[in-house]
Amino acid sequence: MKRIITYGTFDLLHYGHINLLRRAKALGDYLIVALSTDEFNFRKKNKNCYFSYEQRKELLESVRYVDLVIPEDCWEQKISDMHEYHVDIFVMGDDWVGKFDFLKNEGVQVAYLPRTPEISTTKIKKDLNN
Ligand code: C2G
């Protein structure tokens, strides 16, 4: 059983997120999403989410590609996550290309997948404001 993990805020869940999750799951059999907590978003990612962690978690758990949602509450948990969840492949959108290559040292494959252009949570908020 090939186990995949990805990380993110996934606020205002949109088709760009779904494209990422679908492609990540296609790389293996079991997809874990480490979901940024409200505190992590606010304190470290400078993101003020529209939906709370619990709401974002509920949305992700309803996505057919997602098998497990766990909290992401710091930048530094990735190495221990790889071992705790027996991860085979770490996946992120290519806006993060190169940033997590160090995880290869944990015996994990690292894959950066092309982002879906033209859509983002920020764009949604901006467009709705206009
Ligand atoms: N994404 C994408 N296409 C988009 C928007 C997002 O492929 N149009 C991908 C991002 O590249 C990321 C995932 O969807 O892999 C989640 O996006 P965000 O919620 O913006 O995640 P981010 O804030 O980048 O958090 O420790 C890692 C961080 O938690 C990543």
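How much space lies in the largest pocket? About 700 Å³. That volume is the space filled by probe spheres set on grid points, which are joined across faces, edges and corners. A pocket here is an open set of points on a 1 Å grid over the protein atoms alone, where a 1.4 Å probe fits, with protein on both sides within 12 Å along at least five of seven lines; lining residues have an atom within 4 Å of a point.

This is a predicted model: local features need pLDDT of at least 70, side-chain atom pairs count only at pLDDT 80 or more, and totals for chains, interfaces and linings use all residues. Residues are numbered from 1 along each chain as its sequence is written, and side-chain values use heavy atoms, with hydrogens and water left out.

**The pocket.** Its lining holds 34 residues. T9, H17, K47, D95 and R115 lie nearest the centre. By type, the lining has 11 nonpolar, 14 polar and nine charged residues. Ala, Val, Leu, Ile, Met, Phe, Trp, Tyr, Cys and Pro count as nonpolar, Asp, Glu, Lys and Arg as charged, and the others, Gly among them, as polar. α1 gives the most to this lining, with four residues. Helices (H or I, at least four residues) and strands (E, at least two) are DSSP runs, numbered from the N terminus.

**The ligand.** The ligand takes up the space of the largest pocket; a molecule sits in a pocket if more than half of its atoms lie within 2 Å of the grid points. Around the ligand are 21 residues, each with a heavy atom within 4 Å of it. K47, E72, K78, D95 and I119 come nearest. This shell divides into seven nonpolar, eight polar and six charged residues. α1 again gives the most, with three residues.

Polar contacts (pairs of N or O atoms within 3.5 Å) tie in here.

| Residue | Polar atom in | Distance |
|---|---|---|
| F10 | backbone | 2.8 Å |
| S36 | side chain | 3.4 Å |

Taken alone, the ligand exposes 630 Å², and the protein buries 95% of that. Such areas come from the Shrake-Rupley method with a 1.4 Å probe.

Notes. A polar contact is a pair of N or O atoms within 3.5 Å; within protein, one must be able to donate a hydrogen and the other to accept it, and residues adjacent in sequence count only if both atoms are side-chain atoms.
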